[in-house]
Amino acid sequence: MKTIEINSLVLAYLGDSVYELYVREFLIRRGIGKVKELQEEAKKYVTATRQALYLKKLIEDNFFFEKELTILRRARNTKSHQPPKGCDRGTYQLATALEAIIGYLKIEKQEERIKELMNKILREELC
């Protein structure tokens with residue numbers, strides 16, 4: 001099966017775990033040594049609202065290649081389950097799209113591109 005044919009929600013499922021791993025490692029490397037503090041800091045990065053903001057900024061900055069934009073559009077438009085409490089459908093769809101592009105890059109073994117994307121989010125504090 002070609003990566004482009006994989007369901008967007010499946011890509012988002014994978015991308016969510018990759019994203020979370022990068023965030024956790026980033027916070028630990030910053031010297032946070034208590035789990036409660038790690039969880040509080042992680043909330044700044046892993047909520048759908050924040051992920052949607054990051055994606056909007058990356059798109060505004062023309063970060064993505066055309067093929068990646070195609071994946072993002074497809075993922076954003078995929079029908080999914082109800083968004084979590086306190087999150088509207090549009091925000092949830094953007095967050096899902098960000099996770100899907102990360103999942104796509106992971107399946108395609110584009111580790112350097114994932115690093116570039118995550119560095120932009122984590123180190124440059126887009127929002």
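Predicted model: local features only at pLDDT ≥ 70, side-chain atom pairs only at ≥ 80, totals over all residues.
1. The nonpolar core. The largest nonpolar core comprises 34 residues, and those with the most contacts inside it are Y19, L98, I101, L117 and I121. Helices α1 (8-29), α2, α3, α4 (66-76), α5 and α6 each supply at least two residues of this core, while the largest share, eight residues, is provided by α5. As general background, nonpolar side chains tend to be buried together in soluble globular proteins.

2. Surroundings of Y19. Leaving aside residues up to four places away in sequence, Y19 touches Y45, V46, Q51, Y54, L98, I102, M118 and I121. Two of these partners, L98 and I121, are listed along with Y19 among the residues with the most contacts inside the core, and the set of neighbours also includes Q51, which is taken up in the next point.

3. A buried glutamine. Q51 belongs to helix α3, and its relative accessibility is 1%, so Q51 counts as buried, the cut-off for that class being under 20%. With residues up to four places away in sequence again set aside, Q51 is in contact with Y19, Y45, V46, A95, L98 and E99. Both Y19 and L98 in this list are also named among the core residues with the most contacts.

4. Packing of α2 against α3. The axes of helix α2 (residues 35-46) and helix α3 (residues 48-60) come within 6 Å and cross at roughly 45 degrees. The two helices are therefore oblique to each other. On the α2 side the contact is made by K43, K44, Y45 and V46, and on the α3 side by A48, R50, Q51 and Y54. By residue class, this contact divides into four nonpolar, one polar and three charged residues. Y45, V46, Q51 and Y54 from this contact are also touched by Y19.

5. Salt bridges in overview. Taking a salt bridge as a side-chain nitrogen of Lys or Arg within 4 Å of a carboxyl oxygen of Asp or Glu, the count for this model comes to 11.

6. The R113 and E116 pair. R113 forms a salt bridge with E116, in which the closest N and O atoms are 3.2 Å apart. Because R113 and E116 are three residues apart in helix α6, they are separated by about one helical turn. Their accessibilities place them in separate classes: R113 counts as buried at 6% relative accessibility, whereas E116, at 42%, counts as partly exposed. Elsewhere, salt bridges that share partners join R30, E41 and K44 into one network, and K44 also takes part in the contact of α2 with α3.

7. Two further pairs. D61 and K57 meet through their side chains in a salt bridge with an N to O distance of 3.2 Å. Both residues count as partly exposed, D61 at 34% relative accessibility and K57 at 27%. R73 forms a salt bridge with E66, and here too the closest N and O atoms are 3.2 Å apart. In that pair R73 counts as partly exposed at 36% relative accessibility, while E66, at 53%, counts as exposed.

8. Positive phi angles. N62, located in the loop between α3 and α4, has a phi near 55 degrees, a positive value in a residue other than glycine. With a relative accessible area of 66%, N62 is exposed. K109, in the loop between α5 (89-107) and α6 (111-122), likewise has a positive phi, of about 60 degrees, although it is not a glycine. K109 counts as exposed at 69% relative accessibility. Computed along the chain, K109 and D16 are 93 residues apart, and their C-alpha atoms are 16 Å apart in space.

Definitions and conventions:
Residues numbered from 1 in each chain as written. Heavy atoms only, no water. Axes fitted to C-alpha atoms, helices over the stretch in contact; angles between N-to-C directions. Helix = DSSP H or I, 4+ residues; strand = E, 2+ residues; numbered from the N terminus. Parallel < 35°, antiparallel > 145°, perpendicular 65-115°, else oblique. Contact = heavy atoms within 4.5 Å. Nonpolar A, V, L, I, M, F, W, Y, C, P; charged D, E, K, R; others polar. Buried < 20%, exposed > 50% of the residue type's maximum accessible area, 1.4 Å probe, protein only. Core = buried A, V, L, I, M, F, W, Y, C linked by side-chain atoms within 4.5 Å.
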